[in-house]
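The following exercises concern the structure shown below.

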Amino acid sequence: MIPVGEFRHFASEQNTKYRLLKPWWDVFSEYLCIAMLMIGVFGCTLQLTQEKIACLPSQFTSPTPQAIDCSYIRAYRENETLQHTLVRPVNPVIQEAFGRKNDLDIHQYVFVNHYCYERFVHWYAKYFPYLVVIHTMIFMVASSFWFKFPGTSSKIDIFVTILGKCFDSPWTTRALSEVSEERGEEKLVSWRRNTMSSDPRDQPGTEEETVGLFSSVKSNPEKKYPESQSALSVLDKKEGEQAKALFEKVKKFRTHVEEADILYLMYVLQTSLKVVKFLVIIIYTAVLVPNVEIVVRCYVPPELTGFDIYCCNHNKAHLFSKLSYCYICFVGVYGLMCIYALYWLFHRPLKVYSFEHVRLETGIGDIPDVKNDFAFLLHLVDQYDALYSKRFAVFLSEVSESRLHQLNLNNEWTAKKLRTSLTRNARNQLELHLLMLPGLPDTVFEITEVESLKLEQVKNVTIPPCVAKLDSLQELSLIYCPAKLQLPALNHFKEHLKVLRLSFESLEELPMWMYTLHGLEELHLKGPLTNEVSRSATLDSLRELKALRVLTLHSNLIKIPPTIGDVALQLQRLCINNENVKLQAFSSLKKLANLVTLELVCCELERIPSAVFSLNNLQELDLKENKLTTVEEILSLQHCRRLVTLRLWHNKITYIPDHISKLHSLEKLDVSWNKLRKVPSRLFYCTKLRHLDVSHNQLTSLPPEVGILQGLQFFSAAFNSLEMLPEELFSCKRLTTLILGNNCLSSLSPRVANLARLVRLEIKGNRLESLPPEIGDCALLTHSGLIVEESLLDLLPSHVKHRLTND
């Protein structure tokens, strides 16, 4: 058996849980249902505990029993002598029975009472209290049906749970208190400005005082409320994750509920059902209430008792009649409440809920308006208490969510933890690299010594004004990390930022503030600069980048962007990596008169572009990973009189023309990773060559003219098929690095001792059976600089081995 207390506990818990979604008319209707239920229970109790009817045989008899009624009993109290003056009808003739004894026993009376009650009492008079209970139960079920219906109960339960947590969340209190403080400060500043405008003579001094007050309040709020700020920070650490989970639940619930209006329809249907039920009850009850009679005429077959007409008294008829009229009144008030609910449902736009008043009151301007079932639920909550919607709106605001995420981020990534991530980059700068964080911690701006900030796949980055604390910051890298800048931060970057590296997935992610950095010296872009293959690159004007010296484009261009012409006069280095997409138009290069370095990598070039030959100030040309098979036009490079470095590596060049000797200023040549079978002797008439790399080719020999290069310092011929080296190579006395690994050399000339400045010698992977002892005369060569098989080192004389090892 289930105790009654369990039902009482369940009912109270349900009412407490769903009270937020019960407007005042629903609450009032519940009280009316309780009153109606009490009427029904009271009537049922009377019906079960008291005698229902008492019958007596009539003192009149007639051949036609229908002519006899019991009206004289009804009028007995009004006129006790009515029965003596009763006018007997003429036709049919009623004869008074004299001398007949009433000798009925108790069993006959009980039988007659039951018989008359079942056969002659109107059904409404018998079942009235039961009808009241049934009708009331239907009203109560209809009022709470949407709380139990499978399609709506889960949504309501989740909403009520989330709403309660959002109302009680410490983050809600903090967010609203911060907004109220900010609005209070704005009112204070506005009041001071209005005050200063009243006295024009003191206007300048007052304005300065106002600005100072505003900046002090904004910049150091912790000085004004130190105790509250510390308490809130502790609270945030404890409750931050819970608030973050609430934001996610609110987002998912909104997405789920706003798609349909089943809650609204269910509420409309159950309210309409109650109105129809009310109309039916009012109509049929008003019609049937007169049938509740106190005196009931009953016909009993005379062979049962000897009497045919009985006049019965319905004991509870008088009370039931009064209860009926009282019940009609309650149902009428209940029906008016239901009609008002229908008016409220159809008169107001309940499928849209605007937070305009909340936005004006709290100052949180990004709270979105909601629709459909979500809006309907909030309208119902407003009928209970509008404060719930105000506090719930905090969790619909993206600004509030970002503040919470920022707070959690600051607590997780402290300045002490960030300092452990500081490293030195290739430029020997102190770099802070943040990877895949949910946001940018404010604690980053406490590390004032950082020189390079690298943000990779960091979400929701907004750089605040406090970036001005990073006085040493000169380089910013945003790798697949769209960032927004507040105006003070942008002004700081205009003056201090020197290097900007951007990696993006679409052209729309390219920040517009990039084009205003007039102090920027290097700009490195990696990402698609074209939306369609048939269209040229799309870049806004670089005209404002007046200090730009280096521009790198890692993209898939069809032609060089014409906007490069905006910085043509000051640009010194242009690097284009085209990701193996053919670059066709080079007309924009002719404008770059001051260009010093040009890199055209992975551009599918089949020959050196003619536009390059007009770059008189060009000093370095890099054509890595193209499709060059011949460089016949290399003669035209002699017009680039300052050309110092030429890199033709990672191509398919089969030979180098002799007129390469015309490049008199060439100091560095890299033709590695090609298909060269020989090196022209005229190459070595470029007497200024200091760096020569012919590795990873198909060379079998080197010309003796290599000895002409007396200034050669670096020479690499590794991964070829060299069988011997020309003796003239060892006359290059300034040679410091000689790389001859993975060839077919069988011996090494003793003249290697002439290379007095040799620091690194790599001959591993050849056919050498021994090393000349003279190798020990290379005074700068050490064991770490000599890369050869260990077995060959063991064959060296002990004193040579000892010297190399000690060095």
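A cavity is a set of grid points where a 1.4 Å probe fits but cannot get out. The model examined here is predicted.

**Exercise 1.** Determine how many cavities of 30 Å³ or more the count gives, and describe the largest cavity.

*Solution.* Step 1: the count comes to two cavities of 30 Å³ or more. Step 2: the largest cavity holds about 70 Å³ of space. Step 3: its lining consists of Leu 478, Cys 481, Pro 482, Ala 483, Leu 502, Ser 503, Phe 504, Glu 509 and Pro 511.

**Exercise 2.** Describe how helix H6 packs with helix H11.

*Solution.* Two packed helices are described by the angle between their axes and the distance between the axes. Step 1: H6 covers residues 150-168 and H11 covers residues 262-288. Step 2: the angle between them is about 115°, and their axes lie 10 Å apart. Step 3: the crossing of H6 and H11 is left-handed. Step 4: H6 contributes Gly 151, Thr 152, Lys 155 and Ile 156 to the contact, while H11 contributes Ile 262, Leu 263 and Met 266. Step 5: the residues of this contact divide into four nonpolar, two polar and one charged.

**Exercise 3.** State what the protein contains in helices and strands, and what share of its residues is buried.

*Solution.* Step 1: the protein has 21 helices and 26 strands. Step 2: residues count as buried under 20% relative accessible area. Step 3: of the 807 residues in the protein, 47% are buried.

Terms used
Residues numbered from 1 in each chain as written. Predicted model: local features only at pLDDT ≥ 70, side-chain atom pairs only at ≥ 80, totals over all residues. Heavy atoms only, no water. Axes fitted to C-alpha atoms, helices over the stretch in contact; angles between N-to-C directions. Helix = DSSP H or I, 4+ residues; strand = E, 2+ residues; numbered from the N terminus. Left-handed = near helix turned anticlockwise from the far one by under 90°. Contact = heavy atoms within 4.5 Å. Nonpolar A, V, L, I, M, F, W, Y, C, P; charged D, E, K, R; others polar. 1 Å grid on protein atoms, 1.4 Å probe; cavity = no way out; pocket = protein on both sides within 12 Å on 5 of 7 lines; lining within 4 Å. Points joined across faces, edges and corners; volume = space filled by probe spheres on them. Buried < 20%, exposed > 50% of the residue type's maximum accessible area, 1.4 Å probe, protein only.
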